[in-house]
Amino acid sequence: MTRVATVILLSTLSLSAQTGIRGHWNGSVEVPNQTLAMEVDIDKSGDKWIGSVAIPAQGASGLPLSNISETGNKFSFAIEGAPGDPTFNGTLSEDGKTMSGDFTQGPGSFPFKFTREGEPKVEAPKASPAVTEEFTGHWEGTLEAGQSLKLILDIENTGGGAKAVLTSVDQGNAKIPVASVQQNSNKLLLEVKAVGGQYEATINKEGTALTGTWTQGGNELPLKMTKTKKP
(Lines give C-alpha, C1' and ligand atoms only; values in the text may rest on other atoms or scores of the structure.)
Protein backbone atom coordinates (compact mmCIF):
# COMPACT_ATOMS: atom_id res chain seq x y z
CA MET A 1 0.00 0.00 0.00
CA THR A 2 2.86 2.38 0.85
CA ARG A 3 4.48 1.71 -2.51
CA VAL A 4 1.21 2.32 -4.35
CA ALA A 5 0.67 5.56 -2.42
CA THR A 6 4.20 6.69 -3.27
CA VAL A 7 3.65 6.02 -6.99
CA ILE A 8 0.38 8.00 -6.91
CA LEU A 9 2.09 10.86 -5.06
CA LEU A 10 4.97 11.00 -7.58
CA SER A 11 2.51 10.97 -10.46
CA THR A 12 0.58 13.82 -8.89
CA LEU A 13 3.75 15.85 -8.37
CA SER A 14 4.81 15.22 -11.95
CA LEU A 15 1.42 16.38 -13.24
CA SER A 16 1.58 19.45 -11.01
CA ALA A 17 4.99 20.36 -12.39
CA GLN A 18 3.56 20.20 -15.92
CA THR A 19 0.78 22.74 -15.29
CA GLY A 20 0.96 26.46 -15.95
CA ILE A 21 3.17 28.36 -18.38
CA ARG A 22 6.29 28.22 -16.20
CA GLY A 23 8.97 26.28 -18.07
CA HIS A 24 11.34 26.09 -21.05
CA TRP A 25 9.47 26.04 -24.35
CA ASN A 26 10.68 25.30 -27.86
CA GLY A 27 8.72 25.92 -31.04
CA SER A 28 8.07 28.34 -33.86
CA VAL A 29 5.97 31.12 -35.32
CA GLU A 30 4.62 30.62 -38.83
CA VAL A 31 5.43 33.94 -40.49
CA PRO A 32 4.92 34.35 -44.28
CA ASN A 33 7.28 32.10 -46.29
CA GLN A 34 9.19 31.12 -43.16
CA THR A 35 9.01 29.10 -39.97
CA LEU A 36 10.71 31.22 -37.32
CA ALA A 37 12.13 29.05 -34.51
CA MET A 38 12.05 30.43 -30.97
CA GLU A 39 12.94 29.35 -27.43
CA VAL A 40 10.87 30.82 -24.61
CA ASP A 41 11.63 30.66 -20.88
CA ILE A 42 9.07 31.74 -18.29
CA ASP A 43 9.56 31.62 -14.53
CA LYS A 44 8.47 33.33 -11.34
CA SER A 45 10.64 35.34 -8.98
CA GLY A 46 8.52 35.56 -5.86
CA ASP A 47 5.14 36.80 -7.08
CA LYS A 48 6.58 38.39 -10.21
CA TRP A 49 6.71 36.75 -13.62
CA ILE A 50 10.02 36.91 -15.50
CA GLY A 51 10.93 35.59 -18.91
CA SER A 52 13.18 35.72 -21.95
CA VAL A 53 13.09 34.58 -25.56
CA ALA A 54 15.75 33.61 -28.10
CA ILE A 55 15.37 33.80 -31.89
CA PRO A 56 18.40 31.94 -33.34
CA ALA A 57 17.78 32.92 -36.99
CA GLN A 58 18.07 36.60 -36.02
CA GLY A 59 21.03 36.07 -33.70
CA ALA A 60 18.87 37.34 -30.84
CA SER A 61 18.91 35.91 -27.31
CA GLY A 62 17.98 37.01 -23.83
CA LEU A 63 15.18 39.25 -25.09
CA PRO A 64 13.20 40.17 -21.96
CA LEU A 65 9.49 39.37 -21.77
CA SER A 66 6.94 41.74 -20.27
CA ASN A 67 3.22 41.82 -19.46
CA ILE A 68 3.24 38.10 -18.64
CA SER A 69 -0.17 36.94 -17.45
CA GLU A 70 -1.95 33.62 -16.93
CA THR A 71 -5.65 33.11 -16.26
CA GLY A 72 -6.79 29.50 -16.23
CA ASN A 73 -5.43 27.98 -19.42
CA LYS A 74 -5.20 31.37 -21.18
CA PHE A 75 -1.97 33.37 -21.24
CA SER A 76 -0.23 36.30 -22.87
CA PHE A 77 3.22 37.86 -22.89
CA ALA A 78 5.15 40.38 -25.01
CA ILE A 79 8.74 40.90 -26.15
CA GLU A 80 9.87 44.04 -24.38
CA GLY A 81 11.32 46.89 -26.42
CA ALA A 82 10.92 45.29 -29.86
CA PRO A 83 9.35 47.27 -32.73
CA GLY A 84 5.65 46.63 -33.39
CA ASP A 85 4.86 45.48 -29.83
CA PRO A 86 5.24 41.72 -30.55
CA THR A 87 2.75 39.85 -28.34
CA PHE A 88 1.78 36.20 -27.80
CA ASN A 89 -1.81 35.32 -26.87
CA GLY A 90 -2.70 31.67 -26.51
CA THR A 91 -4.02 28.62 -24.74
CA LEU A 92 -2.22 25.95 -22.71
CA SER A 93 -3.18 22.36 -23.58
CA GLU A 94 -4.98 20.23 -20.98
CA ASP A 95 -1.87 18.09 -20.36
CA GLY A 96 0.29 21.22 -20.00
CA LYS A 97 2.72 20.04 -22.68
CA THR A 98 2.00 22.56 -25.44
CA MET A 99 0.98 26.17 -25.80
CA SER A 100 -0.44 27.62 -29.00
CA GLY A 101 -2.15 30.74 -30.22
CA ASP A 102 -1.52 33.91 -32.21
CA PHE A 103 1.59 36.07 -32.39
CA THR A 104 0.89 39.68 -33.32
CA GLN A 105 3.38 42.34 -34.37
CA GLY A 106 2.14 45.62 -35.76
CA PRO A 107 -0.83 44.82 -38.04
CA GLY A 108 0.27 41.20 -38.64
CA SER A 109 -1.04 38.08 -36.86
CA PHE A 110 0.61 34.64 -37.17
CA PRO A 111 0.05 31.24 -35.53
CA PHE A 112 2.58 29.82 -33.06
CA LYS A 113 3.06 26.57 -31.20
CA PHE A 114 5.56 25.73 -28.44
CA THR A 115 6.33 22.45 -26.68
CA ARG A 116 7.44 22.19 -23.06
CA GLU A 117 11.02 20.90 -22.75
CA GLY A 118 11.86 21.23 -19.07
CA GLU A 119 12.64 23.75 -16.39
CA PRO A 120 12.92 27.47 -17.26
CA LYS A 121 16.34 28.96 -17.98
CA VAL A 122 15.53 32.65 -18.05
CA GLU A 123 18.47 34.71 -19.30
CA ALA A 124 18.44 37.63 -16.89
CA PRO A 125 20.15 40.90 -17.85
CA LYS A 126 23.62 41.29 -16.34
CA ALA A 127 24.83 44.48 -14.72
CA SER A 128 27.46 46.45 -16.64
CA PRO A 129 30.29 48.35 -14.92
CA ALA A 130 29.87 52.12 -14.73
CA VAL A 131 31.40 54.13 -17.58
CA THR A 132 33.26 57.44 -17.34
CA GLU A 133 31.27 60.65 -17.55
CA GLU A 134 32.09 61.52 -21.16
CA PHE A 135 30.21 58.41 -22.36
CA THR A 136 27.02 59.18 -20.44
CA GLY A 137 24.30 61.33 -21.96
CA HIS A 138 22.06 61.63 -25.00
CA TRP A 139 23.50 60.63 -28.39
CA GLU A 140 21.95 60.88 -31.87
CA GLY A 141 22.96 59.44 -35.23
CA THR A 142 21.69 58.02 -38.52
CA LEU A 143 22.29 54.47 -39.73
CA GLU A 144 22.28 53.97 -43.51
CA ALA A 145 20.96 50.42 -43.89
CA GLY A 146 19.16 50.49 -47.23
CA GLN A 147 17.06 53.18 -45.63
CA SER A 148 18.01 55.96 -43.25
CA LEU A 149 17.25 55.07 -39.64
CA LYS A 150 17.56 57.79 -37.02
CA LEU A 151 18.85 56.33 -33.77
CA ILE A 152 19.01 57.76 -30.26
CA LEU A 153 21.29 56.30 -27.61
CA ASP A 154 20.86 57.16 -23.93
CA ILE A 155 23.58 56.04 -21.52
CA GLU A 156 23.52 56.60 -17.76
CA ASN A 157 25.19 55.32 -14.63
CA THR A 158 22.81 53.96 -12.02
CA GLY A 159 23.35 52.31 -8.66
CA GLY A 160 23.77 48.98 -10.47
CA GLY A 161 26.24 50.26 -13.07
CA ALA A 162 25.92 51.50 -16.64
CA LYS A 163 22.58 51.26 -18.42
CA ALA A 164 21.72 52.10 -22.03
CA VAL A 165 18.65 52.22 -24.25
CA LEU A 166 18.65 52.50 -28.04
CA THR A 167 15.63 54.18 -29.65
CA SER A 168 14.83 53.65 -33.34
CA VAL A 169 12.91 56.81 -34.19
CA ASP A 170 11.85 55.72 -37.68
CA GLN A 171 10.49 52.42 -36.37
CA GLY A 172 7.81 53.91 -34.19
CA ASN A 173 10.23 55.18 -31.52
CA ALA A 174 10.89 51.56 -30.56
CA LYS A 175 12.95 51.45 -27.37
CA ILE A 176 15.48 48.62 -27.59
CA PRO A 177 17.28 47.61 -24.37
CA VAL A 178 21.07 47.34 -24.52
CA ALA A 179 22.15 44.08 -22.88
CA SER A 180 25.75 45.03 -22.15
CA VAL A 181 27.77 48.27 -21.92
CA GLN A 182 31.56 47.92 -21.93
CA GLN A 183 34.17 50.67 -21.86
CA ASN A 184 37.88 50.17 -22.55
CA SER A 185 39.71 53.48 -22.31
CA ASN A 186 38.26 55.62 -25.16
CA LYS A 187 36.36 52.73 -26.76
CA LEU A 188 32.75 51.65 -26.21
CA LEU A 189 31.13 48.30 -26.99
CA LEU A 190 27.37 47.83 -26.79
CA GLU A 191 25.64 44.45 -27.11
CA VAL A 192 22.06 44.81 -28.35
CA LYS A 193 20.77 41.25 -28.08
CA ALA A 194 17.19 42.28 -28.76
CA VAL A 195 18.05 42.71 -32.45
CA GLY A 196 21.20 40.57 -32.62
CA GLY A 197 23.42 43.63 -33.05
CA GLN A 198 26.39 45.39 -31.53
CA TYR A 199 27.95 48.84 -31.74
CA GLU A 200 31.69 49.39 -31.33
CA ALA A 201 32.89 52.99 -31.32
CA THR A 202 35.65 55.36 -30.27
CA ILE A 203 34.94 58.67 -28.56
CA ASN A 204 36.75 61.83 -29.70
CA LYS A 205 38.96 63.91 -27.40
CA GLU A 206 36.22 66.48 -26.88
CA GLY A 207 33.76 63.78 -25.76
CA THR A 208 31.21 65.00 -28.30
CA ALA A 209 31.16 62.23 -30.93
CA LEU A 210 31.22 58.45 -31.16
CA THR A 211 32.59 57.04 -34.42
CA GLY A 212 32.29 53.33 -35.04
CA THR A 213 30.58 50.35 -36.64
CA TRP A 214 27.14 48.82 -36.24
CA THR A 215 27.21 45.03 -36.80
CA GLN A 216 24.07 42.99 -37.40
CA GLY A 217 23.32 39.84 -39.38
CA GLY A 218 26.86 39.68 -40.76
CA ASN A 219 26.68 43.26 -42.04
CA GLU A 220 29.00 46.02 -40.85
CA LEU A 221 27.78 49.60 -41.27
CA PRO A 222 29.43 52.87 -40.23
CA LEU A 223 27.59 54.76 -37.51
CA LYS A 224 28.56 58.12 -36.04
CA MET A 225 26.67 59.49 -33.04
CA THR A 226 26.84 63.02 -31.69
CA LYS A 227 26.15 64.05 -28.10
CA THR A 228 23.23 66.46 -27.84
CA LYS A 229 21.01 67.84 -25.14
CA LYS A 230 18.15 65.52 -24.24
CA PRO A 231 14.79 67.04 -25.30
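Predicted model: local features only at pLDDT ≥ 70, side-chain atom pairs only at ≥ 80, totals over all residues.

Residues are numbered from 1 along each chain as its sequence is written, and side-chain values use heavy atoms, with hydrogens and water left out.

I checked the terms next. Strands are DSSP runs of E with at least two residues, numbered from the N terminus. Two strands pair if DSSP finds at least two bridges between them.

β14 covers residues 187-192. On its other side, Val 181 stands opposite Leu 190. Strand β13 (residues 180-184) pairs with β14 in the antiparallel sense over five bridges. Strand β15 (residues 197-203) also pairs with β14 in the antiparallel sense, over six bridges.

Both pairs are hairpins. β13 and β14 have two residues between them, and Ser 185 in that turn has a positive phi of about 60°. β14 and β15 have four residues between them, with Gly 196 in the turn at a positive phi of about 65°.

Which side chains of β14 are buried? I found Leu 188, Leu 190 and Val 192 buried on one face. Buried means under 20% relative accessible area, exposed over 50%, and partly exposed in between (1.4 Å probe, protein chains only). In a regular strand the side chains alternate between the two faces of the sheet.

**The cavity**

A cavity is a set of points on a 1 Å grid over the protein atoms alone, where a 1.4 Å probe fits but cannot get out. A pocket is an open set with protein on both sides within 12 Å along at least five of seven lines. Lining residues have an atom within 4 Å of a point. Grid points are joined across faces, edges and corners, and a volume is the space filled by probe spheres set on the points.

I count one cavity of 30 Å³ or more. The largest cavity has a volume of about 50 Å³. Its lining includes Leu 190, Val 192 and Tyr 199, along with Trp 214 and Met 225. β14 and β17 each supply at least two residues of this lining.

I sorted the lining by class. Ala, Val, Leu, Ile, Met, Phe, Trp, Tyr, Cys and Pro count as nonpolar, Asp, Glu, Lys and Arg as charged, and the others, Gly among them, as polar. The cavity lining has nine nonpolar, no polar and no charged residues.

The largest pocket holds about 940 Å³ of space. Of its 39 lining residues, the closest to its centre are Pro 64, Ala 124, Pro 125, Lys 126 and Pro 177. β4 gives the most to the lining, with eight residues. By class I have 19 nonpolar, twelve polar and eight charged.

The second largest pocket holds about 610 Å³. Of its 30 lining residues, the closest to its centre are Pro 83, Gln 171, Ala 194, Val 195 and Gln 216. Its lining has 22 nonpolar, eight polar and no charged residues.

**The barrel**

I traced a closed barrel of eight strands, β1-β2-β3-β4-β5-β6-β7-β8, with antiparallel pairing. Within it, seven bridges join β2 to β3. Asp 41 stands opposite Ser 52 in β3.

What does the side chain of Arg 116 reach? I placed Arg 116 in strand β8 (residues 108-116). At 12% relative accessibility, it counts as buried. Its side chain reaches the backbone oxygen of Gly 20 at 2.6 Å and that of Gly 96 at 2.7 Å.

His 138 is in strand β9 (residues 137-144). It is buried, with a relative accessible area of 6%. Its side chain makes a polar contact with the side chain of Glu 140 at 3.1 Å. Another, of 2.7 Å, joins the side chains of His 138 and Asp 154. A polar contact is a pair of N or O atoms within 3.5 Å; within protein, one must be able to donate a hydrogen and the other to accept it, and residues adjacent in sequence count only if both atoms are side-chain atoms.
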